[in-house]
Amino acid sequence: MTAYKSIYGQALRLLCLVAFMAIGLSIFAQDAQKPWSTLVSERKQEIDRDLLHLRGKTIIIGDSHASYLASTANTCATPAVNAGVHGATSKRYLELIETLKVAEKAKTAVVSIGTNDIFRKRAISAADFRANAERIIRSALRLSNHVIVSAIPPISRASSDLFDDEKGFAFSSLLRAECERHADCTYSEPHRIHRDAERPGAGVGNYLAPDGIHLADYTALSAQLGICPTHRTAESGIKSE
């Protein structure tokens with residue numbers, strides 16, 4: 001009976017994840033049809049509303065990884081403000097974050113950005129990405145008392161024809177360098193054990209969702225980043241490594 005319950009629970013979680021990703025991809029497809037200025041304007045209204053009651057909360061900043069993280073984090077005792085935008089590059093995200101204002105700072109901000117910058121057709125330079133990252137981190141510090149910057153997640157090898165996984169791993173080093181310039185910023189590498197030993201920008205095993213870009217389990221990532229205090233472990237990934 002215990003084994004049956006375990007299998008049933010795993011199956012239920014998998015179905016929930018598939019449904020969650022399907023909804024997210026549907027939203028992304030709709031958003032992709034909108035001009036970026038329209039999408040930013042709509043998201044800003046939603047985020048500004050949530051920022052009115054920010055005290056003690058976590059604000060999660062960045063691209064679709066941030067949005068999925070925020071959705072799982074809202075099961076925590078202290079909910080998160082979802083400031084993620086699907087499809088956001090570091091440059092485009094600046095158009096949003098630099099306009100956000102708070103009456104009282106959040107307890108923590110978590111930054112997850114960079115996956116859309118390694119899309120091969122964009123070809124952003126390391127210097128431009130680093131400059132954008134610096135401005136995003138400074139804005140995050142303006143919105144919160146402490147910032148956690150996450151490494152860019154690995155992607156599947158099958159997705160490497162569209163996304164430059166080697167650049168993703170290199171850009172994570174730039175995120176770390178910019179974060180370490182600030183006393184109230186902590187860099188996290190929660191994906192370390194899921195990276196390909198020979199090609200660290202790529203992921204291994206079942207860590208990735210079927211699309212090869214997003215993760216299979218954002219709840220686990222939330223715990224690794226210390227977003228859900230009740231799920232923090234001794235091996236929490238919030239310490240710089």
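Here is a friendly conversation about a predicted model of one protein chain.

Trainee: What should I know about the model before we start?
Mentor: Residues are numbered from 1 along each chain as its sequence is written, and side-chain values use heavy atoms, leaving out hydrogens and water. Because the model is predicted, local features need pLDDT of at least 70 and side-chain atom pairs count only at pLDDT 80 or more, while totals for chains, interfaces and linings use all residues.

Trainee: How many helices and strands does the chain have?
Mentor: Helices (H or I, at least four residues) and strands (E, at least two) are DSSP runs, numbered from the N terminus. From that end, the elements run α-α-β-α-β-α-β-α-β-α-β-α. The total is 7 helices and 5 strands.

Trainee: What share of the 241 residues is buried?
Mentor: Buried means under 20% relative accessible area, exposed over 50%, and partly exposed in between, using a 1.4 Å probe and protein chains only. By that rule, the buried share of the 241 residues is 49%.

Trainee: Is threonine 58 buried or exposed?
Mentor: Threonine 58 sits in strand β1, residues 58-62. Contact means heavy atoms within 4.5 Å, and, leaving aside residues up to four places away in sequence, Threonine 58 touches Pro79, Ala80, Val81, Thr108 and Val110. Its relative accessible area is 10%, so threonine 58 is buried.

Trainee: How far apart in space are threonine 58 and valine 81?
Mentor: In sequence, threonine 58 and valine 81 are 23 residues apart. From C-alpha to C-alpha, their separation in space is 6.2 Å.

Trainee: At what angle do the axes of α2 and α4 cross?
Mentor: Axes are lines fitted to C-alpha atoms, for helices over the stretch in contact, and angles run from 0 to 180 degrees between N-to-C directions. Angles under 35 degrees count as roughly parallel, over 145 as roughly antiparallel, 65 to 115 as roughly perpendicular and the rest as oblique. The axes of α2 (residues 36-51) and α4 (residues 90-97) come within 9 Å, and they cross at roughly 45 degrees. That makes α2 oblique to α4.

Trainee: Which residues of α4 does α2 meet?
Mentor: From α2, the residues involved are Trp36, Val40, Lys44 and Ile47. Their partners in α4 are Arg92, Glu95 and Leu96.

Trainee: How far apart are the axes of α5 and α6?
Mentor: Helix α6 covers residues 165-179, and α5 packs against α6 at an angle of about 40 degrees. The axes are 9 Å apart.
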